[in-house]
Amino acid sequence: MTKSKKKQRLAKFISREITIEYKTCLYFSCITAFYFACLLIRHQDSAKILTMFEMILTAYAIGYFQVYVLKNPDEAEVFGAKEAASFFLCSGLYTGASYIFGWYDRIPAATLLFFLYCIGVSLCVYFCNRIKRRIDTDRLNRMLAEYKEKSGRER
């Protein structure tokens, strides 16, 4: 394998790892917000560190699953059946973890609400990524046009 190929593989690996970190932080923040809201509704003012540790590990595991198995459904160019199925699957995995670990004391209403919340979070992440991609594309096109204009004047 050439040095160039190794650099490309390393860059791809690092890019995926950064994506996983981004997803983990984003989804963990959303899951934690839901957890805190549930605690406040129940008039509890302290969270369990073990529960939060389970949440971050779950977010990492599902982040790796999304990137390496599902090929980043929340960063897809077009929203289709595959992305919808992926969102339901990942929401189901988060909800399953919440039930197994007892994050919401296995209360059916809270568990169902959490599932719906996870689907909503996935959709929001998808649309935020789409908006960011569009903004970045516009910015890059503007920079390219400026570069072409500038290099045209220098000749």
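Where does Ser46 lie? Ser46 is in the loop between H1 and H2; helices are DSSP runs of H or I of at least four residues, strands are runs of E of at least two, and both are numbered from the N terminus.

1. Basis. This is a predicted model, in which local features need pLDDT of at least 70 and side-chain atom pairs count only at pLDDT 80 or more, while totals for chains, interfaces and linings use all residues. Residues are numbered from 1 along each chain as its sequence is written, and side-chain values use heavy atoms, with hydrogens and water left out.

2. Overall form. The protein chain has four helices and zero strands, in the order α-α-α-α along the sequence. Its radius of gyration is 20 Å, well over the 15 Å that the globule rule gives for 155 residues, so the chain is more spread out than a compact globule. That radius is taken over C-alpha atoms, and the rule is 2.2 Å times the number of residues to the power 0.38. Along the principal axes, the C-alpha atoms fill a box of roughly 70 × 35 × 35 Å.

3. Of the 155 residues, 32% are buried; buried means under 20% relative accessible area, exposed over 50%, and partly exposed in between, with a 1.4 Å probe and protein chains only. Contact means heavy atoms within 4.5 Å. Among contacts between residues at least 6 apart in sequence, 69% join residues at least 24 apart.

4. Core. A nonpolar core is a set of buried Ala, Val, Leu, Ile, Met, Phe, Trp, Tyr and Cys residues joined through side-chain atoms within 4.5 Å. The largest has 21 residues, and Ile31, Met55, Tyr94, Trp103, Tyr104 and Phe114 have the most contacts inside it. Helices H1 (3-41), H2 (49-68), H3 (81-101) and H4 (108-154) each give two or more residues to this core. H1 provides the largest share, seven residues. Beyond its neighbours within four places in sequence, Trp103 contacts several residues, including Ile31, Met55, Tyr94 and Phe114.

5. Cavity. On a 1 Å grid over the protein atoms alone, a cavity is a set of points where a 1.4 Å probe fits but cannot get out, a pocket is an open set with protein on both sides within 12 Å along at least five of seven lines, and lining residues have an atom within 4 Å of a point. Grid points are joined across faces, edges and corners, and a volume is the space filled by probe spheres set on the points. The whole structure has one cavity of 30 Å³ or more. Tyr27, Cys30, Ile31, Tyr94, Tyr117, Cys118 and Val121 line the largest cavity, with H1 and H4 each supplying at least two residues.

6. Pocket and Ser46. The largest pocket has a volume of about 150 Å³. Its lining includes Tyr35, Ser46, Glu54 and Trp103, and H1 and H2 each supply at least two of the lining residues. At 52% relative accessibility, Ser46 counts as exposed. Ser46 and Phe36 are ten residues apart in sequence and 8.6 Å apart in space, C-alpha to C-alpha.

7. Backbone. Most residues other than glycine have a negative phi. His43 has a positive phi of about 60 degrees although it is not a glycine; His43 lies in the loop between H1 and H2 and is exposed at 75% relative accessibility. Asn72, also not a glycine, has a positive phi of about 60 degrees. Asn72 is in the loop between H2 and H3 and counts as buried at 16%.
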